[in-house]
Amino acid sequence: MICDNLGINEKGHLTFAGRDTVELAEKYGTPAYIMDEEKIREKCRIYKKAMAEYFGGESFPLFASKSLCFKQIYRIMKEEGMGIDVVSPGELYTAASAGFPLENAYFHGNNKTGNDIAYAMDNSIGYFVCDNCDELYAIDRHAKKRGIKQKILLRLTPGIDPHTHAKISTGKVDSKFGTAIETGQADELVKLALSLENIELRGYHCHIGSQIFEYKPFSDAAKIMIDFIAKVKNEQGYEAHTLNIGGGMGVRYVESDPEIDYATNIKSLSEIIKAECAANDVNMPQILMEPGRSIVADAGMTLYTVGAKKEIPGFKNYVSIDGGMPDNPRYALYQSEYTVCVANRMNEKADYECTIAGRCCESGDLIQEGVKIPEPQRDDVLAVLTTGAYNYAMSSNYNAIAKPPVIMLTKDGEYVAVKRESFEDMTACQM
């Protein structure tokens with residue numbers, strides 16, 4: 001099994017967080033997102049403990065909201081003492097409506113509108129992670145109107161290629177995100193930030209990409225950022241208090257993916273940062289990280305019901321399910337790999353090669369190609385594993401298909417965190 005919260009019970013059914021997934025499918029219907037709340041909390045605690053121990057007490061993780069956003073997630077993050085990053089006023093609103101303290105929120109985005117900035121300030125956002133000069137001027141104007149001095153980090157691009165999928169690589173010089181260090185533009189951005197009356201520059205941010213299994217890109221980025229802190233200190237007399245090194249550590253979607261020990265990675269990264277600080281004669285900054293996928297991905301799975309089966313001799317076999325790209329667009333976007341199981345027949349031989357197809361009127365509506373599972377029959381329960389990140393968050397109503405519910409499993413029971421969308425919900429804003 002790719003994760004320790006999976007198992008097989010005496011009925012030959014797939015279990016998740018100790019629960020029979022076939023029974024869950026019968027109780028809540030399909031498609032349905034199933035989440036293991038204890039796994040989410042466990043991952044939060046791993047990050048918090050390791051960061052405090054190896055980086056120092058001021059350092060802590062921020063949950064990356066873009067990976068999974070609904071009210072209960074923010075309640076969990078508040079209870080676990082996590083910060084959050086948000087990338088839209090909608091994420092900010094969701095967090096606020098769940099009672100999350102927004103002084104512990106960091107607002108990202110490469111194009112924050114005037115309304116976004118005003119809304120965030122009016123809701124007492126803790127920090128903006130500022131992307132460019134235009135945004136700096138806008139934040140300064142809005143802060144002046146409100147008579148405040150707004151705390152910010154500057155998002156910089158360290159010029160690192162982490163060898164991940166191009167669409168989730170964000171740290172290269174030509175990225176749409178941030179301001180490049182190697183072109184000299186980052187130095188100018190720092191000068192501008194320090195010159196603006198209504199801005200308090202607290203430090204820097206970088207993020208090199210997602211689903212990265214290699215350790216070296218993170219250590220290379222950290223060295224570049226510490227070197228930049230030293231350069232600015234020497235040339236401009238400003239020493240950063242905070243360094244946010246982003247997120248991006250990979251998770252296991254399939255057996256061939258390596259396992260990552262997040263605490264060990266954090267320890268190793270701390271040793272590199274401390275050594276680099278000592279070599280450059282700068283103080284150890286407060287370190288922030290932004291795990292998202294690695295907090296929630298393997299805490300989730302999606303359950304479907306098998307429908308039609310189509311066999312094309314000499315070509316391929318299709319197995320259709322009652323969901324698809326509206327509830328998981330990642331295969332269509334990135335050709336993302338997933339582990340697929342027939343949840344009610346886990347002890348049978350997986351020797352039927354097929355493509356898992358969604359129900360949309362779209363040839364690209366696929367969940368996975370060339371997978372081997374026991375030959376499924378209509379009404380079997382199909383489980384797609386490790387869907388806690390970027391599934392619900394990226395879901396849509398394409399083909400006017402209503403969104404699935406989110407069911408949270410706990411050690412004491414289960415509850416509905418997001419109800420199944422109705423047709424009335426889906427058309428509520430339509431006139």
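Visitor: Which residues lie nearest the centre of the largest cavity?

Guide: Keep in mind that we're looking at a predicted model. Its largest cavity holds about 100 Å³ of space. The lining is made up of 14 residues. The ones nearest the centre are Ser-210, Gly-248, Glu-290, Gly-292 and Arg-293.

Visitor: By class, what residues does the lining of the largest cavity have?

Guide: Glu-290 and Arg-293 are among the residues nearest the centre, and Asp, Glu, Lys and Arg count as charged. Ser-210 and the two glycines, Gly-248 and Gly-292, are there too, and Gly counts as polar. Over the whole lining, the tally is four nonpolar, three charged and seven polar residues.

Visitor: Which helix gives the most to the lining of the second largest cavity?

Guide: This cavity has a volume of about 60 Å³. Around it sit Cys-206, His-207, Ile-208, Phe-218, Ala-221, Ala-222, Ile-245 and Leu-269. By class that's seven nonpolar residues, one polar and no charged ones. Three of the lining residues come from the top contributor, α8.

Visitor: Where does the largest share of the largest nonpolar core come from?

Guide: That core has 103 residues, and Ile-40, Met-77, Leu-154 and Tyr-204 have the most contacts inside it. The largest share is nine residues, and they belong to residues 216–236, which is helix α8.

Visitor: Leaving aside its neighbours within four places in sequence, what is Met-77 in contact with?

Guide: Met-77 is one of the residues with the most contacts inside the largest core. With the neighbours within four places set aside, Met-82 still makes the list, and so does Ile-295.

Visitor: Why does the salt bridge between Lys-112 and Glu-135 tie together parts that are apart in sequence?

Guide: The closest N and O atoms of Lys-112 and Glu-135 are 2.7 Å apart. Lys-112 sits in the loop between β7 (105–107) and α5 (114–122), while Glu-135 belongs to helix α6 (residues 133–146), so the pair links parts separated in sequence by 23 residues.

Visitor: Do Lys-112 and Glu-135 count as buried or exposed?

Guide: The cut-off for buried is under 20% relative accessible area. Lys-112 comes in at 9%, and Glu-135 at 4%.

Visitor: Which helix do Lys-191 and Glu-188 both lie in?

Guide: These two form a salt bridge, with the closest N and O atoms 3.4 Å apart. Lys-191 is partly exposed at 43% relative accessibility, and Glu-188 is partly exposed at 44%. They're three residues apart, about one turn, in helix α7 (residues 185–195).

Visitor: Does Glu-235 count as buried or exposed?

Guide: Glu-235 forms a salt bridge with Lys-231, the closest N and O atoms being 3.3 Å apart. The two are four residues apart in helix α8, so about one helical turn separates them. Lys-231, at 34% relative accessibility, is partly exposed. Exposed means over 50%, and Glu-235 has 54%, so Glu-235 counts as exposed.

Visitor: Which residues do salt bridges that share partners join into one network?

Guide: The structure's salt bridges number 26. Some of them share partners, and the network they make consists of Glu-37, Arg-41, Arg-45, Glu-79 and Glu-80.

Notes
Residues numbered from 1 in each chain as written. Predicted model: local features only at pLDDT ≥ 70, side-chain atom pairs only at ≥ 80, totals over all residues. Heavy atoms only, no water. Core = buried A, V, L, I, M, F, W, Y, C linked by side-chain atoms within 4.5 Å. Buried < 20%, exposed > 50% of the residue type's maximum accessible area, 1.4 Å probe, protein only. Contact = heavy atoms within 4.5 Å. Salt bridge = Lys/Arg side-chain N within 4 Å of Asp/Glu carboxyl O. 1 Å grid on protein atoms, 1.4 Å probe; cavity = no way out; pocket = protein on both sides within 12 Å on 5 of 7 lines; lining within 4 Å. Points joined across faces, edges and corners; volume = space filled by probe spheres on them.
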